[in-house]
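Hello,

Here is the structure we talked about handing over. Please open it first, then read the notes below.

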Amino acid sequence: TSREPGFWNLNFSLFRDFPITERLRFTLSFIGYNIFNHVNFLEPGSRDISNANYGLITGAAPARSIQIGGRISF
C-alpha cells in the first residue's frame, strides 16, 4: 500500500510548423512539465520504526521543467 500524498501534475506541449520552401520546413516546439509548479511530495521515509526518519516526508518530485526546441526538415 502506498502512503505517499496525492500526486497532481499537468504537462503541456505546443508545436507549430513554418513552411520555408516547398521541401523545407521549420518546426518550433514548446514542452512544459508540471507547468503550474505544484509541489508533489514523495512517500514517507524508512519503514523501520527505529529509524529517525520513520514516517517523515523528506523529498519532493522534480519542479517545473520547460523545453523549447526547433527542427528543420527537408
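**Notes on the structure**

Ile 68 lies in strand β3. Strands here are DSSP runs of E with at least two residues, numbered from the N terminus. Ile 68 is exposed, with a relative accessible area of 67%. Buried means under 20% relative accessible area, exposed over 50%, and partly exposed in between (1.4 Å probe, protein chains only).

A word on the source. This is a predicted model, where local features need pLDDT of at least 70 and side-chain atom pairs count only at pLDDT 80 or more, while totals for chains, interfaces and linings use all residues. Residues are numbered from 1 along each chain as its sequence is written, and side-chain values use heavy atoms, leaving out hydrogens and water.

Now the sheet. Three strands form an open, antiparallel sheet in the order β1-β2-β3. Two strands pair if DSSP finds at least two bridges between them. The edge strands, β1 (12–19) and β3 (65–73), each pair on one side only. Neighbouring strands are turned by 10° against each other on average, direction ignored. That angle is taken between N-to-C directions of lines fitted to C-alpha atoms, on a scale from 0 to 180 degrees. β1 and β2 (residues 25–33) pair over eight bridges, in the antiparallel sense. Phe 15 has Ser 29 in β2 as its bridge partner.

Back to Ser 73. Its side chain makes a polar contact with the side chain of Arg 71 (3.4 Å). A polar contact is a pair of N or O atoms within 3.5 Å; within protein, one must be able to donate a hydrogen and the other to accept it, and residues adjacent in sequence count only if both atoms are side-chain atoms.

Best wishes

Technical notes:
Helices (H or I, at least four residues) and strands (E, at least two) are DSSP runs, numbered from the N terminus.
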